[in-house]
Amino acid sequence: MAGLDILEGRLSVPVIAAPLFIISNPKSVIAQCKAGVVGSFPSLNARPVSQLDEWLDEITSELDSYNAANPDKPAAPFAVNQIVHRSNDRLEQDLALCEKYKVPLVITSLGARVELNDAVHSWGGKTLHDIINIKFAHKALEKGADGLIPVCAGAGGHAGTLSPFALIAEIRQFFDGPIALSGSISTGGGVLAAQAMGADYAYIGSAFIATEEARASEDYKQGIVKGKAEDIVYSSLFTGVSGNYLRESIENAGLDPDNLPESDPSAMNFGSGGNTDAKAWKDIWGCGQGIGSIDKLQSAGAYVHQLAAEYEAAKQRVMGG
């Protein structure tokens, strides 16, 4: 296995914070990176395009200043998520801004393109592509992705249904590059387990919603704190792509979580969540099954510190056993 060289020696715990639609913002990214995990955000969170320029300037300037003041313990690099699906008419503009700021890591979703990977490589960046099965894994690698993000059963938002034990084992039969595992990981023990299975990093999203810097409503954050695995509903209704959502938000929208119709994938709409009057991500809250261990609202830095302590404790348990 081989991790990403740009992350070598820069992480306090081997974690990439997942880009959260609407929720991730410069404040959360900066806090995550300073704490020692890769901070990320979807480029579409910055609206209009001119705001993406402002966000990238803020993030790079703040992290450069922090690194200059802390040469012995620099911040982790950051990542920008690009939706490659044809519904994203901003892709070329957003990618040009990523080139302007030499974004170190680009996470691609819902489509893989050779020209995008080539562009990122041209400025020295690396790409990770999220996948839900072996077919998409092969396609991403064939088109030049540096690494993979297997989005397994229980992950928040758009997620697959395969067990991480099965999917990671199959990927490792043909790929020895960087893997960041997604799916119900919210503890340091889970991070270590991801590595034991064959991943290099854990990819954590839902737990970061319940942090002070996250741009989520208080009700959403408290839903994460109160929720358990059984409160997660898997449905394609809200965006046209199957994903996991918090039951409470579906009920608040006047829908029956146990009797949701299937959606036509052609209705895919990531900005407004097009198949109901309720807006995906804003009204219908994406959430993974790992939230049962989240019992309080805290800063991103405090959560990362907790993860790192749990991770070290888990290693000691394994070594002691």
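Which residues in H2 meet which residues in H3? Val49, Leu52, Asp53 and Leu56 in H2 meet Gln93, Asp94, Leu97, Cys98 and Lys100 in H3, where contact means heavy atoms within 4.5 Å. By class, this contact of H2 with H3 has 5 nonpolar, 1 polar and 3 charged residues.

Some background. This is a predicted model, in which local features need pLDDT of at least 70 and side-chain atom pairs count only at pLDDT 80 or more, while totals for chains, interfaces and linings use all residues. Residues are numbered from 1 along each chain as its sequence is written, and side-chain values use heavy atoms, without hydrogens and water. Helices (H or I, at least four residues) and strands (E, at least two) are DSSP runs, numbered from the N terminus.

H2 covers residues 49–69 and H3 residues 91–100; they pack at an angle of about 20 degrees, with axes 10 Å apart. H2 and H3 are therefore roughly parallel, a term for angles under 35 degrees.

Now the other neighbour. H1, residues 26–35, packs with H2 at an angle of about 25 degrees, with axes 10 Å apart. That makes H1 roughly parallel to H2. Pro26, Val29, Ile30, Cys33 and Lys34 of H1 contact Trp55, Glu58, Ile59, Glu62, Leu63 and Tyr66 of H2.

Last, H9, residues 218–226. Its buried residues are Tyr220, Lys221, Gly223, Ile224 and Val225, buried meaning under 20% relative accessible area with a 1.4 Å probe, protein chains only. Their cover includes helix H8 (206–209), strand E11 (243–246) and helix H10 (247–252).

Definitions and conventions:
Axes are lines fitted to C-alpha atoms, for helices over the stretch in contact, and angles run from 0 to 180 degrees between N-to-C directions. Angles under 35 degrees count as roughly parallel, over 145 as roughly antiparallel, 65 to 115 as roughly perpendicular and the rest as oblique. Ala, Val, Leu, Ile, Met, Phe, Trp, Tyr, Cys and Pro count as nonpolar, Asp, Glu, Lys and Arg as charged, and the others, Gly among them, as polar. Buried means under 20% relative accessible area, exposed over 50%, partly exposed in between (1.4 Å probe, protein chains only).
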